[in-house]
Amino acid sequence: MSDFTLTIAGEAAPTHATLDVINPATGKAFAACPDATRDQLETTIEAAWDAYQTWRLDLPARRAALTACAGALQAAAPEIGKVLTQEQGKPLDAAVNEVMGAAAWFQISAGLPLETEILQDDDAFRIELHRKPLGIVGAITPWNFPIVLASWKIAPALLAGNSLVLKPSPYTPLSSLKMGEVLRDTLPPGVFSVLSGGDELGKWICEHEAVRKISFTGSVATGKKIQETSAPTLKRVTLELGGNDPAIVLGDVDPKAVAEKVFKAAFANSGQVCVAVKRLYVDESIYGKVLSEVAELARTARVGDGFEAGVEYGPINNGPQFERVRELVDDAVDAGGKIEAGGGPLDRDGFFFAPTVVSGVAEGVRLVDEEQFGPALPVMPFRDVEDALERANATHFGLGGSIWTSDVERGTELARRLECGTGWVNQHLNLVPNAPFGGSKWSGIGYENGPWGLAAFTEYQVVNIAKG
Ligand code: NAD
């Protein structure tokens, strides 16, 4: 049995089978999560369908319910945050902030515009444009920011009048189950369900005929599978996938100040951020200075158990990811790369990897070409910014990218030439609720957040009335 429960039809549902959940700071199982069965998915979907029939009818009630969810999440942030640190590894303050961020997203989503528009109203015709929900939404989430990324799906999907079934990653299911427990009393039964289980459960959701939309955040490889599994039932899909974000630092900046900002953008959440800086290109005139600053920051970063006071960076979340980062760093060294800081696991239990900075590598080396999704950053010089742009864009990925310069106008022009969903100038990582977030190329299909994200959970219906 697990201490955490599935939320099905607004109630705790028992399970017999469980999956171990590992604390990445120890490498050992500390809890178990329910492993939902296919029958339980059926029951969940029946309840979600029933709930949808009335939930879809009353927009003001939905706005009020989302505001209530925001309050409930705020109140539960310390409790959910603690579970999040245990299963994900991030420092406790970051975990609590993540839950508070989700609460803010519910609050902001509650006020998004969704009213009917009148496109034409004259002697001949009245044409109304209605926004309709899709039905049941399946939300499938990754392990790096399980709560806030789920909120980007739950809040707009529910506002639009859909019901939603959330399936968190098997590496971080507990905080989402907790969120289900917290919101159970706030939302009508069946409107929001949480099922934990393995990857197979995600596949069942994608295959299910009654599910009309999949909103997925995760890797490119899984995104491709999801699109395939969702095709026979012609589901709408939103895919928020991986990235390999370049940051291009021009020669006109203060190397120390920029190194500090870029370091944080690369190593936040121990590099496990879809829009972390994953490749750093630096003008050769300041390359040495930026490289040594970034390496020094890596050497002095406080890495440890997320529950220890003052820890800035936690472990890598799971064993396979830990092995992958190690493999990419070893491969970079084999390819002639030089370790400027870190270079391997820390000598302690758990999935701790020293913040690592690598020089002497370029395109063609896996650490540069692939998404490392961990605390290892390649730093590369460039002579001509046109060349840097070409290298930055020569990838299937297209999530984010940034330009660092004291000439903001030039930076803006260069950022516009990055082939990605978000181009930043003198910052990176900053995602806001009032702009669409999504990837170009293989980094995704569709957008989340703001009216653009809400639109992805609705369809239009035109009602065209002849007069006279
Ligand atoms: P993942 O693709 O391995 O898993 C994500 C989710 O998909 C999990 O819940 C998993 O159980 C489920 N899943 C796996 N196989 C499935 C299948 N065949 N059908 C249905 N569901 C399936 O990703 P991850 O390792 O959890 O997360 C890391 C990846 O997520 C990185 O590539 C990262 O860049 C990306 N990411 C993207 C964004 C974004 O907004 N673009 C945000 C965070 C993370």
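Helices are DSSP runs of H or I with at least four residues, numbered from the N terminus. The model is predicted.

**Exercise 1.** Find which helices each supply at least two residues of the lining of the second largest pocket, and which gives the most.

Solution. 
1. Start with the space: the second largest pocket holds about 730 Å³.
2. Take its lining, 29 residues. Phe145, Ala268, Asn269, Val273 and Leu429 lie nearest the centre.
3. α3 (92–110) and α4 (146–159) each supply at least two. α3 gives the most, with 5 residues.
4. Sort by class: 15 nonpolar, 10 polar and 4 charged.
5. Check the domains. Domain 1 (6–241 + 441–466) and domain 2 (245–425) each provide at least three lining residues.

**Exercise 2.** Locate the largest pocket relative to the two domains, and explain why it lies there.

Solution. 
1. Note the volume of the largest pocket, about 1200 Å³.
2. Identify the centre. Of 41 lining residues, Phe216, Gly218, Ser219, Val220 and Thr222 lie nearest to it.
3. List the elements that give two or more residues to this lining: α6 (199–207), β10 (211–217), α7 (220–230) and α10 (319–334). α7 gives the most, with 7 residues.
4. Now use the domains. Domain 1 (6–241 + 441–466) and domain 2 (245–425) both give residues to the lining, so the largest pocket lies between them.

Conventions
Residues are numbered from 1 along each chain as its sequence is written. This is a predicted model: local features need pLDDT of at least 70, side-chain atom pairs count only at pLDDT 80 or more; totals for chains, interfaces and linings use all residues. Side-chain values use heavy atoms; hydrogens and water are left out. On a 1 Å grid over the protein atoms alone, a cavity is a set of points where a 1.4 Å probe fits but cannot get out, and a pocket is an open set with protein on both sides within 12 Å along at least five of seven lines; lining residues have an atom within 4 Å of a point. Grid points are joined across faces, edges and corners, and a volume is the space filled by probe spheres set on the points. Domain bounds come from an automatic or database domain assignment. Ala, Val, Leu, Ile, Met, Phe, Trp, Tyr, Cys and Pro count as nonpolar, Asp, Glu, Lys and Arg as charged, and the others, Gly among them, as polar.
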